[in-house]
Amino acid sequence: MKCPNCGEQMKEGQLYCEHCGEEIRIVPEFEPEIENSIRKTLSDVATEIMVPVKEKETEEPAPKRKKRSRTAGPKKKKKPVFRFLMWIFAAGILFFAVKGVSYFLPDFQYKKAVNALEKGRCEEAAGYFERALELSPANVSYLNGLSGCYYAMGEFQEAERICLETIALDGSNADAYRRLVTIYESQEQYEKISELIQNCNDREIRNQYLDYMANPPETDMKGGTYQEIISVKLICNGTGTVYYTLDGSQPDEKSEIYTLPLLMDAGPHMIKAFFVNQYGVKSPVMTEEYYIDVVLPDAPVVMPDSGTYQSPTLIEVEIPQDCTVYYTTDRSEPDSGSTLYTEPVWMPVGNSQFRFVAITPGGVCSEIMERRYTLELHPVLSMEAASNQLLLMLKNAGLLLSLQGEVPEKSGRNFYTYKYTLTINDHNYYLYREYYEEIAGTSNATGNDYVVNYMSGECYRAVQQEDKTFKLYTIEPLGTDTEENES
């Protein structure tokens, strides 16, 4: 060790340089937070030591020091050395006293934790946060800091525990909710997120995480008794799917999917529904009961009865007073969006099922009237053969250029679609409707209908009159049709 003043080599443990008499100061390292307070104390002690020495120097100059061995007589500086040792002792006591006091100050521990975090030392910071919480257990700032440390270290279970503890103390702590949602989302535990947000009373926080929630659907009309037909809408809180039943049974993911308002007609109804959000979280099942107290109209009378028929047959409906009749042929429930019945309908070839309903102006539906038919024909010409016969007749009349339907002076073509079989003047026919197709692929009906006798192959142009009967015309070049007969 060398003297910092003259550079002479010194023995280990010496407090003064034997060559120049310079004091060797030994200062311990202090915490940054207490350095200023200790520095002031040191300054005061040093002043107390040095003032008497300076006063003495003024009165009488000190003689030159001679080198002395450690076994020589007593030194003149013994008293200052003693004071310096006392100062060291006092400084040590002060240092450890400050250290001891700071150990019991939670804010001091918090600042140490923040400093450690800024340097990326999460484990060290967690220790300071834990000590701060020992001193102040209900401080949410300390809890948030500790949960952040555990999250950064990948200890998600501990981070979750502390976040839940934070929320128990402060139900509006956005940081704790955000960290929990992040943890659960990374683990795809969406049910936990939904439950967490469901139990949150802070509207602002709930609104941030609405997509994770799965609330039961709500109805726009409360259950009860109504004197009219009503439509009930099901409302959900986010993106997802609503499944429902109307017969009181428990719905599941094989039940009907809600897409349109539910029509509540006469009688009792029970809606049961639940919501599945985009994360697959299911809501509880909601239930609403309705009773629609209205008088049902009479069901429509349909003729003929269900059965098997051998020739084209008209299906006729007797419409109840002040009602409108609708029907379906695809086995679905008829309603006001189904096909409107305006005139008798020809029975389709083969098997068919008709369902008719009468509806009042107020929207009250009658019972559904169902008919099942089988029309068994024994034609000489099949529908395809009759269609070819028609194309040949139209080509021979110059109305078509080819059997592919090419039309004179036009770039597109005609095609013919079978509609139904009918009887005109005791003769049975297939009826075909003519369409014109543009090169671009769009098509429209031309307004021309043709019939082909499926026993003889005779072809005619058919024109329906206002009384729904048909007039038949022989197929001649355009503008020269001749009337054949009338149904």
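Q: In which sense, left-handed or right-handed, does H5 pass H7 in their crossing?

A: In this predicted model, H5 passes H7 in a left-handed crossing. The general idea is that two packed helices are described by the angle between their axes and the distance between the axes. Here helix H5 (residues 140–152) and helix H7 (residues 174–186) pack at an angle of about 20°, with their axes 10 Å apart. Angles under 35 degrees count as roughly parallel, and H5 and H7 are therefore roughly parallel to each other.

Q: Which residues of H5 and H7 make the contact?

A: On the side of H5 the contact is made by Asn 144, Ser 147, Gly 148 and Tyr 151, and on the side of H7 by Asp 175, Ala 176, Arg 179, Thr 182 and Ile 183. Sorted by class, the contact of H5 with H7 has three nonpolar, four polar and two charged residues.

Q: At what angle do H7 and helix H8 pack?

A: H7 and helix H8 (residues 190–198) pack at an angle of about 160°, and their axes are 8 Å apart. That makes H7 roughly antiparallel to H8, and H7 passes H8 in a left-handed crossing. In this pair, Tyr 177, Leu 180, Val 181, Tyr 184 and Glu 185 of H7 meet Tyr 190, Lys 192, Ile 193, Leu 196 and Ile 197 of H8. By class, the residues in the contact of H7 with H8 divide into eight nonpolar, no polar and two charged.

Q: Are H3 and H4 roughly parallel or roughly antiparallel to each other?

A: The axes of helix H3 (residues 106–118) and helix H4 (residues 122–135) come within 8 Å and cross at roughly 165°. Angles over 145 degrees count as roughly antiparallel, and H3 and H4 are therefore roughly antiparallel to each other, with a crossing that is left-handed. The residues of H3 that meet H4 include Tyr 110, Ala 113 and Leu 117, while those of H4 include Ala 125, Tyr 128 and Phe 129. By class, the contact of H3 with H4 has eleven nonpolar, one polar and three charged residues.

Q: Turning to strands, what order do the strands take in the open sheet of three strands?

A: The open sheet of three strands has the order E10-E12-E15, and its pairing is antiparallel. Strand E10 (301–303) and strand E15 (345–346) stand at the edges, each with a single partner strand, so one side of each is left without a neighbour in the sheet. Strand E12 (residues 314–318) is joined to E15 by two bridges, and these strands run antiparallel. Within E15, Trp 346 is the residue that stands opposite Leu 314.

Q: Which strands stand at the edges of the open sheet of five strands?

A: This open sheet has the order E11-E17-E16-E13-E14, with mixed pairing. At the edges stand strand E11 (307–309) and strand E14 (339–340), each with a single partner strand, so one side of each is left without a neighbour in the sheet. Five bridges pair E13 with strand E16 (residues 350–359) in the antiparallel sense, and the bridge partner of Val 325 in E16 is Ala 358.

Q: How many residues lie between E20 and E21 in their hairpin?

A: E20 and E21 form a hairpin with five residues between them, and Gly 457 in the turn has a positive phi of about 85°. Strand E20 (residues 443–453) and strand E21 (residues 459–464) pair in the antiparallel sense over four bridges, and Tyr 450 has Arg 461 in E21 as its bridge partner. E21 also runs antiparallel to strand E22 (residues 470–474), to which five bridges join it. E21 and E22 form a hairpin with five residues between them as well, where Lys 468 in the turn has a positive phi of about 75°.

Q: Where in the protein chain is confidence lowest, and where is it highest?

A: Where pLDDT is low, the predicted coordinates should not be read in detail. The mean pLDDT of the protein chain is 84, and 78% of its residues reach 70 or more. Confidence is lowest in helix H1 (residues 32–59), at a mean of 46, and highest in strand E13 (residues 324–328), at 98. Over residues 25–35 pLDDT stays under 50, and the model has 16 contacts beyond four places in sequence for them. Over residues 48–60 pLDDT also stays under 50, and there the model has six such contacts.

How values were computed:
Residues numbered from 1 in each chain as written. Predicted model: local features only at pLDDT ≥ 70, side-chain atom pairs only at ≥ 80, totals over all residues. Heavy atoms only, no water. Axes fitted to C-alpha atoms, helices over the stretch in contact; angles between N-to-C directions. Parallel < 35°, antiparallel > 145°, perpendicular 65-115°, else oblique. Left-handed = near helix turned anticlockwise from the far one by under 90°. Contact = heavy atoms within 4.5 Å. Nonpolar A, V, L, I, M, F, W, Y, C, P; charged D, E, K, R; others polar. Pairing = 2+ DSSP bridges. pLDDT = per-residue confidence, 0-100.
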